[in-house]
Amino acid sequence: MFGALLVAGIVHGLIIGLAALAVTLVFGIARFPNAAAGDTMTAGAYAGLAAHKASGSLLVAGGAAMVASAIVSLLGYLLVFRLLARRPVASLLVAAIGIAFLLRAALGLAFGHQQQVFQVPLAWPVEVMGLRIPPMDLTLAGVAACALAAAFGVLYLTSIGRQMRAVADDPDLARVSGIRPLRVMVALWLLAGAAAGIAGLMLGVKTIVSPEMGWEGLLTAFAAAILGGIGSPAGAVLAGLLLGIAQEVSTPYVGFTYKIALAFVVMLAVLLVRPRGLLGRVEGLR
Amino acid sequence: MTLSVRGIGRSFGGFRALEDVSFEMPSTDLLGIIGPNGAGKSTLFSVVSGFIAADTGSVVLDGRPLDRLGAAARARAGMVRTFQVPREFHHLTVRENLMAAAPDQTGEGLFGLFLRPGRVRAEEAAIGAEADAAIEFLRLGAVAATPAGRLSGGQKKLLELGRALMAKPRLILLDEPFAGVNPVLVEQLIERITALNTRGIGFLVIEHDLDALSRLVPRLVVMDRGRVLATGTPATVLADPAVREAYLGGAVA
Amino acid sequence: MTITRRLALGAAAGTLALPNVVRAQAETFRIGALNPITGAGSPYGTGMQRMIQAAVEAINAAGGVNGRRIEVFAEDTQTSPQAAVLAAKKLIEVNRVRAILGTWSSGVSLAVIPLTNEADIILMHTSGAPALSTPPANARNLGYRFQATNDRFGRAFAEIAVREGFRRPATMAFNNASGIGNTDGFRRAWAAKGNQNGEHVIYEPNQPSYRAELLRVLATRPDVIVMGSFLPDTTIILREWFQTGTPVKWIIPGWAANPQLVQALGPAVTQGIIAVESVSNEGAQAFAAYDAAHRRAMNNQPGAANAYAAMTWDMATTLALAIEQAKSFETAAINAAIRQVANPPGDQVASFAEGKAAIAAGRKVNFEGASSVLDFDQHGDVTPDFGAFFIEQGQINRRYIVKI
Amino acid sequence: MEAYLVAIAIIAAIYVLLTLGLTLQYGLTGLVNFGHVGFFAIGAYASALLSLQGVPLVACFAAAAAIAALAAYPIGLVALRLRDDYFAVVTLGFSETVRLVITSERWLTNGVQGIPGIPRSFAGMGVGMPGALATLGAIALVCMAVALMLRRVVRSPFGRAIEAIRDNEDALRALGKDPARFKIQVLALGSALAGLAGAFYAHYITYLSPDQFIPLVTFYVWMAMIMGGVGRVSGAVVGALLLMLFLEGTRFLRDLAPDLISAVDMASVRLGAVGLALVVFTLFRPQGLMGDYTRR
C-alpha cells in the first residue's frame, strides 16, 4: 500500500512540480505569483486534446500543448504584464487573476463545460520490484522527466537560460551587465508557458479535461513554488514531488478532505522556519 | 555614550561585501564615512540600522548590544536612519509625514483611538505643534500641506531629516544627504545638521561629496572593498597614501 | 458622490423599465424554470430547462390551462444558493411567476423554498435531501419532490446488492449532500438486513488523483463498491481502478454511470458495472412523448440520458393538469388538485391533452409521468421504481426493476 | 419588483461591507488579502450556529465580528512576517482551509449538507416586505456607521501610520514603528467587517453550505474595490453597486434577448467580464471610478 501510494505521489508530484516550475520562473524573474498559470495549463490541456483527437499521438499532443500554452503565456506578458512592470505586486496579481478568468471564459465558450477525456488505452499494471505500477504512470513520469530535462537544459546550458537565472538572482546586477530584458522576458514567458502546457496535458491525460481543471490545482502549485524557494527551479520541482508524495502517503492518517489542506500547512510550516523557502537564500532580517 | 561597531562581516553568495569593519564614535558626535562605489558603505548602514543581518560582529549603542533587535527596535533604541533615495510617504503631506514619525502615539492603536479620544486629541495637538516647529526649522513652510511625493529631491532630503528628528533619536544615520541636492540646499543642510548637533544629537554620515562632508564632520572613516582603510580627521585621512591610492585613484596623485 | 447617485438611479431606472415589456403581453399563467444551467448541475440543467419549455409548448398547443397560455421565465441557479435566491426573487417579484419548477441540488432547493413559501407559490424540485419533506422547509406543503430521496436510492442499492449476492460491500461517496445521502442510505439499509458494512470513504471533488482513496477501499478486499458519485470523479476513479488491476464490481448511480462514462472509458473498463436509476416510466406513453421532445430539443440525445429532464417535463404537465382540475389560478386550489390529478384512482392519462379532455368529461384522472408513475405521498414525495442496468460491451442494458 | 430591488440592495450592502473591509486592508494599508471569503464564512457560520442555539441575534452579530477578528489574529501573526506576495498566497490558502474545515467537521457545521432553517433577521416583522426592509435598513445603518468609522480611522494617527506602510514600509520601520503591529490590527478589523457581513448573509439567505464560500467571492470583492476606487470609502459603495448591477444585469439581458446567448455561455461571459474588468481597470484606471485616493 505504501509503495503504491508512493508511486501515485511521484506522478502527482511531477505534475505539481511542472506547474510550480512555471510559477516559480515567473515569480523569480517578473516578481509576482502568476495566478494565470493554472488556466494556462488548461489551455495546454485543450490544445493537447485537440491534437490527440486529430493525430492519436501523445507526442503530437505534447507538442501542441506546449506551443499553445507558450503562446498564451507570451500574449499575457506582451499585452498586460509588460505594461505593469513598474506597478506594485498587487496590481500584477489582480491582472493575473483577470487573465485567468478571461482564459477560462474563452475555453468554456470554445469547448463547452462538459468533461472531455483523452482516449488513451488503459492497461493492467506491470510488476517492478514487487510494486504494481500502472503503465500510464510510467508514460506520464517519462513525459515529465523529458519536459523537466528540456527545461533545465534551457536554463543551465543555453546563454538565454543563464541570463534568466542571472536576472532571477539580482535584477539590478543583471541590468548593469547588459542583459537585454525584453529578450529574457520573452524567453521566460515562453518557457514558463511550455512547462504549464505539459503539466496541463499530464493532468488531462490522468484525469479529465474541463475549463476549471487548472484553477483547482493552482494553490498547490503556488505552495510548491513558495516551498521550494521563489525563483529556484530545482526547488520547485523538489517541493512539487514532496507535496505530491506527502498528499498521497499522508491520507491514511489525515483523511481525504484534509489532504488538500496539507500543501498549505506544509508551506506555512516551512515558511515559519525558513521564510525564503527550502532552496531560497536566506537574506534580510525583519 | 558611544556607538561601537565591532568586526562586522557580511557576504552575499560568494561576494564579501563587508569584512571585519570596526569603528567607534561618541553618540553625540559627528562622524563621516567615505569610500568609492562598492566599498560597502550602504551595506554597512543597513547592517548597523538592522535592515540586513550581519554574518559576524556586533553593534553596540551606549553599552547595549543591538544585534538581536530588528530595524524598528533599533530605531526605538535611539538610532534612526535616512535613505539614500528618499523614502517619503508620498501620499501624506509634509506635515503628516512628520507627525507620522512621532513615537508612542496613543491614537496609533485602534483601542486607544476609539476608547481614549480625548487623549488622542491632546497628543495630536502636541505632535502637530512639534511638526510645525520642525517645518519652520527646516524651512519647509511653503510645502507643509503638499503631498510629499511632489517635493523636489532636496526638499525630500530635508523632510527625511525632519522625520528622523520627530522620532527623537540620540543618533541619526544619514545616507548620502547631499546626493542630488542643489548647492544652496547643501549649505542649508550643513547648517541645520550642525545646529542639531549642538543640541546634542549625533550624526553618522555616508557621503560622496568629500568637500561638503569635510566641512561637516571632524572625523572620517574611509572604506574600500568592504574594509576600513583609515580613520581620523579629514586632513590626516586624506593625506594617507593608501586612501589616496584607493579612493582618489590617480586624480590627486 | 454625484456619480454614485447617478449610477444608482440609472440602475434602478433600468430595472424598473423591464416589467413594462412583460406587462404589455396578453394575460398568461407564468411559471419559472429555475435550473442548474451552470455549476455542478450543468450536465442536466439545460435539458431540464428545455423540457419545461417543450412541455409548455405541448400544453399551449392543447389550448393552454383554463383558457390561458403558460409563459415560462427561465433562470440559472448556477448551482449556487446565493445566485439561486436572487434568481428566485427575480422570478417571483419581477416576472411574477406562480410556480417555480426544476431546482436541482438540495442546497439550492433549501435556500429557495422559504421564498416560494413566503410568496405562496408551488416549488417543484428534484433534490434528494430528506429535510425538504418536512417543516420548516415544507411547512406549507407547497413543495413537491419528483426525484426519489437519497435514502430511497440507498435502499435500492441495497436491494440490488442482495439480489446480486454480494457479501462485502464498501462505499465511496463524493463529499456533497447527494453523494453522502446515497451511501448513508445504502449502509443503513444494508445493516437493517442484518449485514456487516465495509469500508466507507468520503472523497473531495476536483482531485488530480484518487489513488489513496481507492487503495484504502480495495485493501479491505470488497466484492463490490457502492458509489455516491458524479460523472467527472467516477471517470477518474474508474480509470485509476482499472490500472490497479484489482477485480471488483461497482454499483453506481445512473447519473454517473451513463453513456458519457462508457464513451470516456471504453467497454473494457466499464464492463459489468451496475448502474442504478429511478426508472423513467419507459413503457408509458408519456415517456415516448418526452423522449421525442428531448431528441428534438437536445440534438437527438435520447431522453433516457437525463432523468431530471423527464422530471421537469412531468412537473409542467402535472402543474397544468392541476390547474385544469382546480378550474382556478389560486395556489391553494391548484395545490389541492395536484394529488387529485397525479395519484390513483382514476383514468390513467399520459399527456396534458388527454388529461384535459378527461377532466372536461368530468372524469377523475391519474397522470402517469415520463419520470415515474408520480404518486405523491403526504410529504409531496414520489416513490419511483429503480432499474438495475448492467453495462455490457459498452451497452447499458436494463436487467430488472426494484420496487421499494 | 420592489421586493426584488430590496433583495438586490441587501446583497449589495453585504458586498459593500465586504468591500469596506478590503478597502481598509488593501486600499489603505496595502495588504494583499486573497482570503477575504474565509472570514466571511467564519462570521456566517458563527452567527448561524449561535442563533440556532437560541442566542439573541444581536449577540450573534457581535460574536460573528469578534470571532472573525480573532481568527485573523494568528493568521496575521504568522503571515505578516512574510512578503506581500507570500501573504496573498497564504491568505488564499487560509480561506480554502476554512472551507475544508466547514466541509469536514460535520459535528459542528453539518458538512456539505449545510445548515438549513437559520433564523431570519427581523423575523418578528414577518417574512415579507417589512422584514426585508428592516434588514435592509439595519445593514444600511451598519454600512454607514462603518464608513464613518473608516473615515475617522483614515484621519487618525492610526490611519497616518497605515498609509505610511502602504507608501513605504521600510521607512516606517526606520522610524521605530513595527509595521506588523498595525497590519495585524488592520487584518483583524477588516476581517471583523467580513464576519459581520457573513452574519447578515447567514440570516438573510437562511441556508449555509461550504460551496457558498469559494475564492470567487473574494475576487468579486476585489473587482468591486478596484472598479470603485482603491482606498476610497465612497469607492467601496460605488464598486459594490456596480458589481451587483453587473451580476444581476446579465439576467435581464437574457429576458430582453433570450436568443442572443445561451445561459451556459452567459456563465462564461460573466466570468470573462469579471476578468476583463480586472485587467482593464488595472491597466488603464488603477485609481478606480472614484478617482485618486490622495485627493480624498
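How many strands form the open sheet of chain B, and in what order? The answer is in the first legend below.

This is a predicted model, where local features need pLDDT of at least 70, side-chain atom pairs count only at pLDDT 80 or more, and totals for chains, interfaces and linings use all residues. Residues are numbered from 1 along each chain as its sequence is written, chains are lettered from A and ligands numbered from 1 in the order in which they are written, and side-chain values use heavy atoms, with hydrogens and water left out.

**View 1. The open sheet of chain B.** Here 6 strands line up as β6-β7-β8-β3-β9-β10, with mixed pairing. At the edges sit β6 (79-81) and β10 (227-232) of chain B, each pairing on one side only. Direction ignored, neighbouring strands are turned by 20 degrees against each other on average; the axes behind such angles are lines fitted to C-alpha atoms, for helices over the stretch in contact, and angles run from 0 to 180 degrees between N-to-C directions. Strands (E, at least two residues) and helices (H or I, at least four) are DSSP runs, numbered from the N terminus, and two strands pair if DSSP finds at least two bridges between them.

**View 2. β7 beside β8 in chain B.** Strand β7 (residues 171-175) and strand β8 (residues 202-206) pair in the parallel sense over 5 bridges. Look for B:L171, whose bridge partner in β8(B) is B:G202.

**View 3. A strand of chain C that is largely enclosed.** All 6 of the 6 residues of β6 (residues 169-174) of chain C are buried, so the rest of the structure largely encloses this strand. Buried means under 20% relative accessible area, exposed over 50%, and partly exposed in between (1.4 Å probe, protein chains only). C:P169, C:T171 and C:A173 lie on one side of β6(C), and C:A170, C:M172 and C:F174 on the other. β6(C) runs parallel to β8 (residues 224-228) of chain C, joined by 5 bridges, and C:P169 partners C:V224 there. β6(C) also pairs in the parallel sense with β7 (residues 200-203) of chain C over 4 bridges, where C:F174 stands opposite C:Y203.

View 4. The structure holds 0 disulfides over all chains (a disulfide is a pair of cysteine sulfur atoms within 2.5 Å). For D:C60, the nearest cysteine sulfur, that of D:C143, is 19 Å away. D:C60 counts as buried because its relative accessibility is 0%, whereas A:C146 counts as exposed at 57%.
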